[in-house]
Amino acid sequence: MGGSSRQRLYVEEHGEGEPLLLIEGLGQSMWAWREQIPVFAEQYRTIAFDTRGTGRSPVPEEQYGIDELAQDAADILDGRSAYVVGLSMGGYTALTLALARPELVRSLVLAGTGAGGPNRVPRPQAIRDAYAAAIGLPFDEYGRTTVPMTFSPGWTERNPERFEEILAARGEHPTPDVTLDAHLRVCYGFYNGGCEVERIGAPALVLHGDADVIVPVENGRMLASRLPNARYVELPGRGHNLQLEDPASFNRLVLEFFAE
């Protein structure tokens, strides 16, 4: 399983208090949590890291799946029981961690994610086609073309400055194409296998935007209905990257849930 690549993952810890681990989505590094880290660090020991192959973490030569990404998270926690926030592919990682190492997960926030398996609702064909058409574009152009799809329709036009800030943060440590391919394989492996979420006892808050075209909202609804100890909050008119599109609502919901 290539332990050496795990131990060299880039990790930052901010603030004091109980541990809170942030796990971002496909192709993202910790920039995805730029609106959360300073806020959560006021109350929690906030742990963020660059997923394998992204940011300042190395690009592994070996193939890996969701189990390896969950092991990365376990290694970073190093025995600490944490509040865990997973976004999209990070949600798959968080669910897998909660199954494999329940003692490490106090409670979960699962945003824009799902449980995989045969009932998974895939993104609309038009969105898949748009991503396929963008393959091979230069990094910046690829981002300018595809990132708007991770928000609700029209959000980037209404928030041009925020959009430019997000693109700039994404571009500080560009994710290579080989990692995007590897993360896609991780996701499809998870979709094919599914996840026995019925066995996860930890309290969970499932958050989903009803305008999410990356992981359609039906996946979040199904996930919440299958988890034994879940609360579901659907945010109207919000897209996939909830934590960037509506950080005020996202942060409030997460902090209220973890404070219970």
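Tyr44, Tyr83, Phe257 and Phe258 are joined into a cluster by ring pairs; rings of Phe, Tyr and Trp (its six-membered ring) pair if their centres lie within 6.5 Å, with planes under 30 degrees apart called stacked, over 60 edge-to-face and the rest tilted. The model is predicted: local features need pLDDT of at least 70, side-chain atom pairs count only at pLDDT 80 or more, and totals for chains, interfaces and linings use all residues. Residues are numbered from 1 along each chain as its sequence is written, and side-chain values use heavy atoms, leaving out hydrogens and water.

The structure holds nine aromatic pairs. One of them, Trp33 with Phe250, is tilted, at 6.3 Å centre to centre and 40° between the planes. Trp33 is in the loop between strand S2 (19-23) and helix H2 (37-40), and Phe250, 217 residues apart from it, is in helix H12 (residues 247-259); helices (H or I, at least four residues) and strands (E, at least two) are DSSP runs numbered from the N terminus. Trp33 counts as buried because its relative accessibility is 0%, where buried means under 20% relative accessible area, exposed over 50% and partly exposed in between (1.4 Å probe, protein chains only).

The largest nonpolar core has 48 residues; such a core is a set of buried Ala, Val, Leu, Ile, Met, Phe, Trp, Tyr and Cys residues joined through side-chain atoms within 4.5 Å. Helix H3 (residues 66-77) gives the largest share of this core, seven residues. A second, separate core of 23 residues includes Ile37, Tyr44, Ala48 and Val254.
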